[in-house]
Structure formats: C-alpha cells, structure tokens
Amino acid sequence: MANDPKPSAVNSAEEKIDQVTDPSHKNKYADQRDERGDVDALESEQRRESGQAWAGPGVPATSDGQWKGLIIGSLVGGAIGLVVLLPLAFIPISGLSLLGRLIVCGITGAFAGGTAGALYLGGRMPELEGETVDADGRPSVGSTPRDPRSDDRGR
C-alpha cells in the first residue's frame with residue numbers, strides 16, 4: 001500500500017501534512033528519542049502531555065492532537081459537507097421554497113460533514129503527531145503505523 005503510485009495532488013498533500021506534523025520526532029512529548037526504562041523521563045513526558053490536554057463543557061479531556069483534529073476536522077468536514085449536500089436543495093421537496101431547501105440541506109450537510117471530519121481527524125491527528133507510541137517507542141497496538149502494510153506514517 002505504501003509503495004502504490006499516487007497522484008501528484010496526493011503526494012503534495014502528504015508532504016504538507018508531514019511539514020506541519022513533524023514526522024522526524026517519533027514521540028511528541030519525549031525529550032530524547034529513546035526513553036525506554038527511564039522512569040523519570042517517562043513521568044516527565046506524561047506531565048508534559050497532560051499539561052497540554054484540553055477539556056470543555058461536554059468534551060472530555062483530550063490530548064493536544066485530538067483537540068486540533070477535532071477543530072480542524074469540524075471546520076473542513078463541515079465545509080465539504082455543505083458543498084456536497086447543497087445541490088440537493090434544487091430537488092423539490094413537499095412545499096418548501098428554494099430558500100428553505102437551501103437552509104435545510106446546507107445545515108444538514110455542514111453538521112454531517114463536520115461530525116465525520118471531527119471523528120476522523122480527532123483520531124488521526126495524534127497518530128500524525130507521534131502521540132500514539134508505547135513506552136518502548138513502537139507504535140501502539142491498533143494504530144495505523146503499527147500495521148505492517150503501511151509506512152511509518154500510517155499510509
């Protein structure tokens with residue numbers, strides 16, 4: 001999968017994501033690359049991670065990567081959902097005016113796309129930023145970088 005030929009648009013998008021998420025550092029909160037067995041280093045890493053945690057009304061404590069993924073995914077997914085569902089407003093629906101159909105389809109598309117984007121990027125952004133590695137520096141079980149069919153970035 002990682003060696004499949006990709007269109008240039010996909011390659012350029014992946015390069016931009018790599019620049020923003022810094023793939024060179026495997027563990028986002030680690031002082032050094034290899035902290036196996038160093039309890040003090042692992043405890044300070046946990047403190048740094050919890051120091052950057054976010055929480056809000058109706059939102060449980062999330063890591064920095066989850067929070068960024070939630071916000072970015074909501075906005076981008078909402079915009080995509082709006083654009084995708086808006087053309088459905090031109091189909092006549094039982095007595096609603098065009099303006100009413102535009103409002104209903106626009107709001108529905110924005111909420112649906114925002115939810116899908118938040119769920120996807122909220123889970124994917126921590127992987128891209130290196131938050132999903134075990135104490136031994138390997139990708140956590142169940143994360144895409146651990147899949148033998150993907151590259152070190154989970155693609």
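Trainee: What makes the contact of lysine 68 and aspartate 64 a salt bridge?

Mentor: The distance does. This is a predicted model. In it, the side chains of lysine 68 and aspartate 64 meet at 3.4 Å, N to O. The cut-off is a Lys or Arg nitrogen within 4 Å of an Asp or Glu carboxyl oxygen, so the pair qualifies.

Trainee: How many salt bridges does the rule give?

Mentor: The count is one.

Trainee: Where do lysine 68 and aspartate 64 lie?

Mentor: Both are in helix H3. They sit four residues apart, about one turn of the helix.

Trainee: Why is aspartate 64 called buried?

Mentor: Its relative accessibility is 13%. Buried means under 20%, so aspartate 64 counts as buried.

Trainee: And why is lysine 68 called partly exposed?

Mentor: Lysine 68 has 32% relative accessibility. Partly exposed lies between the buried limit, under 20%, and the exposed limit, over 50%, so lysine 68 falls in that class.

Trainee: Is glycine 65 buried or exposed, and how do you know?

Mentor: Glycine 65 has a relative accessible area of 0%. The limit for buried is under 20%, therefore glycine 65 is buried. Glycine 65 also lies in H3.

Trainee: How far is glycine 65 from proline 126 in sequence and in space?

Mentor: They are 61 residues apart in sequence. C-alpha to C-alpha, the two are 4.6 Å apart in space.

Trainee: How is the packing of H3 and H4 described?

Mentor: Two packed helices are described by an angle and a distance between their axes. For H3 (residues 64–85) and H4 (residues 98–128), the angle is about 150 degrees. Their axes are 5 Å apart. The crossing is right-handed.

Trainee: Which residue classes make up the contact of H3 with H4?

Mentor: Ten residues are nonpolar and 15 are polar. No charged residues take part in the contact of H3 with H4.

Trainee: Why are serine 74 and threonine 108 called partly exposed?

Mentor: Serine 74 has a relative accessible area of 30%. Threonine 108 has 41%. Buried needs under 20% and exposed needs over 50%, so serine 74 and threonine 108 are partly exposed.

Trainee: Which residues make the nonpolar surface patch?

Mentor: Ile71, Ile72, Leu75, Val76, Ile80 and Val84 make the patch. Its area is about 540 Å².

Key:
Residues are numbered from 1 along each chain as its sequence is written. This is a predicted model: local features need pLDDT of at least 70, side-chain atom pairs count only at pLDDT 80 or more; totals for chains, interfaces and linings use all residues. Side-chain values use heavy atoms; hydrogens and water are left out. Patches are made of residues with over 30% relative accessible area and no salt bridge: like charges are joined within 9 Å, nonpolar side chains (Val, Leu, Ile, Met, Phe, Trp, Tyr) within 5 Å. Accessible areas come from the Shrake-Rupley method with a 1.4 Å probe; for residues, only the protein chains shown count as cover. Helices (H or I, at least four residues) and strands (E, at least two) are DSSP runs, numbered from the N terminus. Axes are lines fitted to C-alpha atoms, for helices over the stretch in contact, and angles run from 0 to 180 degrees between N-to-C directions. A crossing is left-handed if the near helix is turned anticlockwise from the far one by less than a right angle, and right-handed if clockwise. Ala, Val, Leu, Ile, Met, Phe, Trp, Tyr, Cys and Pro count as nonpolar, Asp, Glu, Lys and Arg as charged, and the others, Gly among them, as polar. Buried means under 20% relative accessible area, exposed over 50%, partly exposed in between (1.4 Å probe, protein chains only).
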